[in-house]
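Thanks for coming. I have one structure to go through, so please look at the sequence and the model first.

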Amino acid sequence: MNVEVTPLPGIGVRKDFGLPDGRRIGVITRRDGSVDLIVSEEGDPDACRDQVLLSNEEAAVLGSLLGAPQLVAQLQEEHRDVPGVHTRQIPIDEGAPYDGRTLGSTQMRTRTKVSIVAVMRAGQVHPSPGPSFTFTAGDVLVVVGTSEGLDEAAKILAHG
């Protein structure tokens, strides 16, 4: 899918892509850091049909809602022919034992034999985090391993 990037002088940057019905959907990232979700009129990419101003927190949540499931679905597809390998999203909740601690401190690979292959944070994907990566409440970890290992990883991240 082709994403068009259009500088908007004095405003920011518009990034959007076309839908089969002729509308375009995208975001405007403003110079002040705010984000607008936009949908154009059918057949006229410059006529805005709908526009929603999102706070940074709202944009991050929307990014996580859209990004993490897509990443997990892609990984599941790639592993579908590998018996016993599964992918799961595991959140870091506010006040969880590893909120503010590093991936290395979990000893996740040693304890469960699972791999944390990415972290979704504020709408951004952090692929292949290293042992010094610090978790923050609201992170969604994308974890790959056996069903048993994934269950154990979820328990560790939730309860220590």
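Strands E2 (12–18) and E3 (24–30) each supply at least two residues of the lining of the second largest pocket. Strands here are DSSP runs of E, at least two residues, and helices are runs of H or I, at least four, numbered from the N terminus. This is a predicted model: local features need pLDDT of at least 70, side-chain atom pairs count only at pLDDT 80 or more, and totals for chains, interfaces and linings use all residues. Residues are numbered from 1 along each chain as its sequence is written, and side-chain values use heavy atoms, with hydrogens and water left out.

A pocket is an open set of points on a 1 Å grid over the protein atoms alone, where a 1.4 Å probe fits, with protein on both sides within 12 Å along at least five of seven lines; lining residues have an atom within 4 Å of a point. The second largest pocket holds about 220 Å³ of space, the volume being that filled by probe spheres set on points joined across faces, edges and corners. Its lining includes Lys-15, Asp-16, Phe-17 and Leu-37.

Now the sheet. Five strands form an open sheet in the order E1-E2-E3-E4-E5, with antiparallel pairing; two strands pair if DSSP finds at least two bridges between them. At the edges are E1 (4–8) and E5 (44–54), each pairing on one side only. Seven bridges join E4 (residues 35–41) to E5. Leu-37, from the pocket lining, stands opposite Val-52 in E5.
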